[in-house]
Amino acid sequence: MTKQSLTEPVLSLRQVGLVRNGKPLLDQIDFTVEAGSSWIVLGANGSGKTSLVRICSLYEHPSRGSVELLGQKLGCTDIRNLRRQVALVSPALSDMIRPQLTATEVVMCAKYAALEPWWHKYEQADSDKAVGLLHAQQVGFAANRSYGSLSSGERQRVLLARALMSEPALILLDEPSAALDLGGREILVDRLDELAADPNSAPVILVTHHVEEIPPSFTHVLALQNGRRLAAGPIQETLTSELLSQCFGLPLTLQQHGSRFTARRS
């Protein structure tokens, strides 16, 4: 996988708004993702995180504003081809995967952004690549096991391997640790930390409620509240107790222990 070499941002949202059934879900969102960056998106329930992810993954068109991916503007290009440049890991994706598929098949199908292997022709090299990606996520033992037989943590690592199969230009992770126990969460954080630290990796956007889930190598944070941008910038400069308190609507104290964060009510 190679980084985007273009001088323009990988992803650019300008004054994006989204209205559904008369309700504003996002308003005046400016968001730019450069090559080499990895972003945390923080916000309470209903803050617009999932709506933002759907727009960034090109599955939702904004009501106003502009969206550009790899210099191509949404609405002025073939969305089917452009969407293949984005890898999305979300609970909805996991629910769509047939449990009987092997972990290798789940990963391999991402070559064509498919959910089933019978829709396209695959070669042995595709299977070998998928198995290699599973091993890289420390879940190679499950290569021939059914997806439905895996634990929640193992499934998330399979989906992360799947996200890398097509060598995307952008990786989106929508609350990937939501169903994980503490051990599974920590393993996933380690995998995401390695991904963000890889100089050849595509930019990553990770949506979460919890600062404890921020991998050490992530570089930037975007905070949302009621569909609007509260703040965006480098984590060490932007993420503060004051920002968290405003973001979640109650007094919070942010602490850093080594390279990880914790937050408690003040």
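This is a predicted model: local features need pLDDT of at least 70, side-chain atom pairs count only at pLDDT 80 or more; totals for chains, interfaces and linings use all residues.
Q: How do helix H6 and helix H7 cross?
A: Start with the labels: helices (H or I, at least four residues) and strands (E, at least two) are DSSP runs, numbered from the N terminus. Axes are lines fitted to C-alpha atoms, for helices over the stretch in contact, and angles run from 0 to 180 degrees between N-to-C directions. Here, the axes of H6 (residues 152-165) and H7 (residues 182-197) come within 11 Å and cross at roughly 15°. Angles under 35 degrees count as roughly parallel, over 145 as roughly antiparallel, 65 to 115 as roughly perpendicular and the rest as oblique. H6 and H7 are therefore roughly parallel to each other.

Q: Which residues in H6 and H7 meet?
A: Contact means heavy atoms within 4.5 Å. By that rule, Arg157, Leu160 and Leu164 of H6 meet Ile187, Leu188, Arg191, Leu192 and Leu195 of H7. Sorted by class, this contact has 6 nonpolar, no polar and 2 charged residues. For the classes, Ala, Val, Leu, Ile, Met, Phe, Trp, Tyr, Cys and Pro count as nonpolar, Asp, Glu, Lys and Arg as charged, and the others, Gly among them, as polar.

Q: How many residues does the largest nonpolar core have?
A: First, buried means under 20% relative accessible area, exposed over 50%, and partly exposed in between (1.4 Å probe, protein chains only). A nonpolar core is a set of buried Ala, Val, Leu, Ile, Met, Phe, Trp, Tyr and Cys residues joined through side-chain atoms within 4.5 Å. The largest one here has 50 residues, and Val158, Ile171, Val211 and Leu239 have the most contacts inside it. H6 gives the largest share of this core, 7 residues. There's also a second, separate core of 29 residues, which includes Leu11, Leu13, Leu170 and Leu172.

Q: What does valine 158 touch?
A: Leaving out residues up to four places away in sequence, valine 158 touches Ala103, Val106, Val107, Leu134, Val139, Tyr147 and Leu150.

Q: Which residues of H1 are buried?
A: They are Lys49, Ser51, Leu52, Val53, Ile55 and Cys56. That makes 6 of the 8 residues of H1 buried, so this helix is largely enclosed by the rest of the structure. In the loop between strand E3 (38-42) and H1 you'll find serine 47, buried too at a relative accessible area of 3%.

Q: What is phi of glutamine 15?
A: It's near 50°, a positive value in a residue other than glycine. Glutamine 15 sits in strand E1 (residues 11-20) and is partly exposed, with a relative accessible area of 41%.

Key: Residues are numbered from 1 along each chain as its sequence is written. Side-chain values use heavy atoms; hydrogens and water are left out.
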